[in-house]
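Student: Hey, I'm new to this one. Could you walk me through it?

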Amino acid sequence: MKRVCDHLHGGPPLLDADVEGVAPDLSGWGFDHAIFRAALTHYRPRLVIEVGTWKGGSAIHMAQLMRELGIDGEVVCVDTWLGAPIAWTREPQLKDSLRLAGGYPQLYATFARNVRDAGVEDLITPLPASSDGGYAVLKHFGVVADVIYIDGDHEYAAVRRDLDNYFSLLSPQGTLIADDFGCWPGVTQAAKEFAEAHDLYAVKQREKIALSRIDIAAALGLESDGHYERRAA
Ligand SMILES: C[S@@+](CC[C@H](N)C(=O)[O-])C[C@H]1O[C@@H](n2cnc3c(N)ncnc32)[C@H](O)[C@@H]1O
């Protein structure tokens, strides 16, 4: 099967990204969570889709796991690289991370620098687009993935839409993982409603939730943290 990077870029585009003079900065949130190793070990996925990449923390972690586990795979990263609204409204250190130049974020350069430093530029495929736009592109190319990580806009309507859209790109046995379940009300409500609407198995561990048509806790050997678990009927 043709790799997404070949469809989009004719090969891994970060191999020749110019990161001269860009400072490395891999700050992020919970990107070394055990759920990633469990999911990659179980599925050995040829393709992981990540919606919301920021500086690359979780994508790089998954790419490094692919390399360690000998998986011939690819992590496709869908992000505008413009940051979330809270970077402008709530948290000064997030605004600094945007690295505004002439008023426009240079976050993508930080991401590219981090990917280059980690030596996984052959495994990471950027798709600079809104989550809706990225979905349309991946759908156009008939992409199907075993593991999809949703960590973009955290507001209820946006999460619900991302779950709806990207679920249609998920393989029948695959899993959707969402970040910030139990921490962001919009994520929690959207993921619970989604699990119920599609009668999915779901298991929460710390801030992440895995949703699947299969018994995902058993498949991944994941123990629920006791706050939310759902079995399909
Ligand atoms: C929480 S960060 C992702 C963190 C990353 N997964 C990690 O672990 O380091 C959220 C990211 O989603 C992106 N984002 C927010 N809304 C988006 C949208 N509608 N479409 C695409 N990307 C979006 C932001 O640009 C930001 O980089």
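Predicted model: local features only at pLDDT ≥ 70, side-chain atom pairs only at ≥ 80, totals over all residues.

Student: Okay, ligand then. How many residues surround it?

Tutor: There are 20 residues around the ligand. The closest are G52, S58, D79, S131 and D151.

Student: How does that shell divide into nonpolar, polar and charged residues?

Tutor: Seven residues of the shell are nonpolar, nine are polar and four are charged.

Student: And where does the ligand sit?

Tutor: You'll find the ligand in the largest pocket.

Student: Let's get down to atoms. What lies 2.9 Å from a nitrogen atom of the ligand?

Tutor: That's an N or O atom in the side chain of S58. Remember that S58 is also among the closest residues to the ligand.

Student: What about backbone atoms, say in W54 or T80?

Tutor: For W54, a backbone N or O atom is 3.1 Å from an oxygen atom of the ligand. For T80, a backbone N or O atom is 3.5 Å from a nitrogen atom of the ligand.

Student: How much of the ligand's accessible area does the protein cover?

Tutor: On its own, the ligand has 600 Å² of accessible area, and the protein covers 91% of that.

Student: Switching topic. Where is R99 found?

Tutor: R99 is in the loop between helix 5 (92-98) and helix 6 (107-118).

Student: And which side chain does R99 make a polar contact with?

Tutor: With the side chain of T110, at 3.1 Å. T110 itself lies in helix 6.

Student: Is T110 buried or exposed?

Tutor: T110 counts as buried, because its relative accessibility is 1% and the cut-off for buried is under 20%. R99, at 32%, counts as partly exposed.

Student: Where is W81 in the chain, and is it buried or exposed?

Tutor: W81 is in the loop between strand 2 (74-79) and helix 4 (86-89). With 2% relative accessibility, W81 counts as buried.

Student: What about phi at D199?

Tutor: For D199, phi is near 50°, again a positive value in a residue other than glycine. D199 is in the loop between helix 9 (185-197) and strand 6 (201-205), and at 29% relative accessibility it counts as partly exposed.

Student: Let's jump to G142. Where does it lie?

Tutor: G142 is in the loop between helix 7 (131-140) and strand 4 (145-150). G142 counts as exposed because its relative accessibility is 51%, and exposed means over 50%.

Student: How far is G142 from V4?

Tutor: They're 138 residues apart in sequence, but 9.9 Å apart in space, C-alpha to C-alpha.

Student: And V137 and V187, how far apart are they?

Tutor: V137 and V187 are 50 residues apart in sequence and 24 Å apart in space, again C-alpha to C-alpha. V137 lies in helix 7 and is partly exposed, with a relative accessible area of 28%.

Conventions. Residues numbered from 1 in each chain as written. Heavy atoms only, no water. Near = heavy atom within 4 Å. Polar contact = N/O pair within 3.5 Å; in protein donor to acceptor, adjacent residues only side chain to side chain. Areas by Shrake-Rupley, 256 points an atom, 1.4 Å probe, with all protein chains shown as cover. 1 Å grid on protein atoms, 1.4 Å probe; cavity = no way out; pocket = protein on both sides within 12 Å on 5 of 7 lines; lining within 4 Å. Sits in = over half its atoms within 2 Å of the grid points. Nonpolar A, V, L, I, M, F, W, Y, C, P; charged D, E, K, R; others polar. Helix = DSSP H or I, 4+ residues; strand = E, 2+ residues; numbered from the N terminus. Buried < 20%, exposed > 50% of the residue type's maximum accessible area, 1.4 Å probe, protein only.
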